[in-house]
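I opened my notebook to look around a new structure, one entry at a time. Come along and check each entry against the picture.

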Amino acid sequence: MNIELLFAAAIVSATPILFAALGQLLTERAGVLNLGIEGTMLVGAVCGFVMTFALGSTAMGLVGAAICGGLFSAAFAFCVVTLRLDQVVTGLAFSILGSGLSAFVGQAYVGKALPMRGPADAPSTIAGIPGLGVIIFNQDAMVFLAFAIAGLITFYLYKTRPGLILRTLGESPETLDSLGITVVGLRYAYIIAGGALIALGGAYLSVINTPTWVENMTAGRGWIALAIVIFASWRPGWVVFGALLFGLVDAYRFRAQASGQAFIDPHFLNMLPYLTTLIVLIVMSRPGLRARLRAPAALGIPYDREKR
Amino acid sequence: MRLRLEPRLETVKPLEVMARVAIGAMLALVLGGLVIALSGHDPLTSYAALIRGGFGSRAAFEGTLNKAVPIGLCALGIAIAARARLVNIGAEGQLFFGAFAATAVGLALPENTPSLIALPCVIGAGILAGAFWAALAAILKVAFGVNEILSTLMLNYICLLWVGYLVRGPWADPLAYSFPYSPPILDNAQMGPLLGSLNGGLLILAAAALFVWIVDYGTRWGYELRVSGDAPLAARYGGISAAAVTLSVLCVSGALAGLAGAVELSTSTGRLQLGLSPGYGFMAILVAWLGGGRALPIVLVSILYAGLLNGGFSLQVSRIPSSISTILQALLLIMVLAGVTLGRYRIRLVRGAPA
């Protein structure tokens, strides 16, 4: 197996997960658990595909997917922030809703191909450079965008004042409220921004990676992104690492299967991402680590200023 | 103008809760109707077809009751785990692992084993295997502190792939052509219909509901579950071991889902296949919640839910996309959740800036 191609494929596999995990990170840092992540990815995937199909532009399709994901998450935000509904049940309901809506919208597009080739298929001139050339330079723009956003979020979270406010939003919203900062508005903003990123992850799959629309095509990637955020203990740098680790496992599985070099049945190879997630969760949940890697204190708790 | 929620001081009466659930369901139906209209069909005829398909005839209703059994069993398991504030979203995997073990026993027993022995063996294997699959998540939680939501979820995917491997590989029925089925389990381990097309599963569901009711109101364990869920510190002070509670309750929760898998195998499919459950374990999460976690309401809600599912199939016949039924499920859940939660608040429209 070609190691360079394996790493290149790992980065491609990691990208949708990275988008979704970064979106979830923003949301959870704001103190909200969005279990609708799988559904939001599917909404992004179908909207991205349909819009790219209709508008004939990959960029417009991706922007459209982000907007649709933002709108879908705004509805979720209305339920959990304004109406203060239970975040776990509401999130699961939104995952089902997203799965149903995307199947409904996408049924006319099953089996259709996009009018243009995705950037991933485009021939590249730098690809000839050995080593890093294949791994890094032969990627599409969305891959770079994903990693750039990870860097931006790191900077934003730890080096800027709004980032400090975001961290406080998930730890102690009442402090912000007492300083005259509106908790509700900020939570809306981060849920919507997070939803847009999650949807981009879905759209990456349907518009660039495959590029086709298949019902429930995210195949549990949203849940893996969710696990990665926990494993990364809500830190963007570790989210990148987690996504790459997953990408590597996924790329290995896929290539082993395709090249016929697999020593074991594909069903077992397909278990790898889930087993990896479990093992990573076990490693990261060790008591010593756990004490340092705390979840945002206000995660999952609706903000009610009367209980301040 | 902004929405403001103020807590209500008086307690909400049961009648009002029921009214709120009904209003929520109506709203969901109206929204779902809009989606159906968007797809170019008539909402009223669709709903009529949905209800007819679920409850409209004796055969339809019996089919609904049969489908309610696996949903209800899983939901009871999820509800009992929720007593200890544990979220088990792995019922689907536990169901399939139960069905897997039940099939293993059902294929291994000699063909002339009497029903009286074969049936309990198959069902018992399902119960044990379901408990085992849930116990994995419990052990991960107790030993390493792994969040059970994530571990049970990952175990679902692993179990489905395992079953997929078996029915396409070592257990593939040579007589089933290319269908991914195992061979049928022995006849004496299959429960035929009892009354019309109604099978014995309903009795098992009733027994399981009674079991949960007894656990709640008549056992020390049921009390310990709730204390360790609602007041973990008080539980520790009272000498209740959190580890023992987690382990025991997840085992029971998984056992009920495994039972569902074995019952479904024995009453309906007769062989292991991926179509054994169209997501009963996931639907059960919603049913457990909608039933308020209590035994009798869960049984009733699972019947309603099974009706929706059954009716969904008749929708497909009338060429309305089946995703409508999925959308309807989600809308129902959100609206009913909103209706019940908002019952605790008074909603006000306030002018101007927040106070």
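**Entry 1: a serine to start with**

Which backbone oxygen does the side chain of S73(A) reach? I found that the S73(A) side chain reaches the backbone oxygen of G69(A) at 2.8 Å. I count this as a polar contact, a pair of N or O atoms within 3.5 Å; within protein, one must be able to donate a hydrogen and the other to accept it, and residues adjacent in sequence count only if both atoms are side-chain atoms.

Before going on, I noted the ground rules: this is a predicted model, where local features need pLDDT of at least 70 and side-chain atom pairs count only at pLDDT 80 or more, while totals for chains, interfaces and linings use all residues. Residues are numbered from 1 along each chain as its sequence is written, chains are lettered from A and ligands numbered from 1 in the order in which they are written, and side-chain values use heavy atoms, with hydrogens and water left out.

Back to S73(A), which I located in helix α3 of chain A. Helices (H or I, at least four residues) and strands (E, at least two) are DSSP runs, numbered from the N terminus. S73(A) counts as buried, at 1% relative accessibility. The cut-offs are under 20% relative accessible area for buried, over 50% for exposed, and partly exposed in between (1.4 Å probe, protein chains only). Apart from its neighbours within four places in sequence, S73(A) is in contact with N34(A), T40(A), I191(A), I192(A) and G195(A); contact means heavy atoms within 4.5 Å.

**Entry 2: another serine**

I looked up S95(A) next and found this residue in helix α4 of chain A. Is S95(A) buried or exposed? S95(A) counts as buried, with 7% relative accessibility. Leaving aside neighbours within four places in sequence, the contacts of S95(A) include L35(A), E38(A) and W223(A).

**Entry 3: the two chains**

I counted 13 helices and 0 strands in chain A. Buried residues make up 56% of its 308 residues. Of the contacts in chain A with a separation of 6 or more, 80% are between residues 24 or more positions apart.

For chain B I counted 13 helices and 4 strands. Its radius of gyration is 22 Å, close to the 20 Å that the globule rule gives for 355 residues, so chain B is as compact as a globular protein of that length. The radius is taken over C-alpha atoms, and the globule rule is 2.2 Å times the number of residues to the power 0.38. Along the principal axes, the C-alpha atoms of chain B fill a box of roughly 75 × 60 × 35 Å. Of the 355 residues of chain B, 53% count as buried.

**Entry 4: where the chains meet**

The area buried between them is about 3800 Å², of which carbon and sulfur atoms give 82%. Buried area is the accessible area (1.4 Å probe) that two parts lose on being put together, summed over both. F104(A), H267(A) and Y274(A) supply 16% of the area that chain A buries against chain B, more than any other three residues.

Between chain A and chain B I found 0 salt bridges; such a bridge is a side-chain nitrogen of Lys or Arg within 4 Å of a carboxyl oxygen of Asp or Glu. The count of residue pairs in polar contact there is 1 (both at pLDDT 80 or more).

F268(A) counts as partly exposed, at 25% relative accessibility. Not counting residues up to four places away in sequence, F268(A) touches W162(B) and Y165(B).

**Entry 5: salt bridges**

Over all chains, my search found 7 salt bridges. In one of them, the side chains of R253(A) and D250(A) meet at 2.8 Å, N to O. Both residues lie in helix α11 of chain A, 3 residues apart, about one turn of the helix.

In chain B, R83(B) forms a salt bridge with D216(B), with the closest N and O atoms 2.6 Å apart. R83(B) lies in helix α3 of chain B and D216(B) in helix α7 of chain B, so the pair ties together parts that are 133 residues apart in sequence. R83(B) and D216(B) are both buried.
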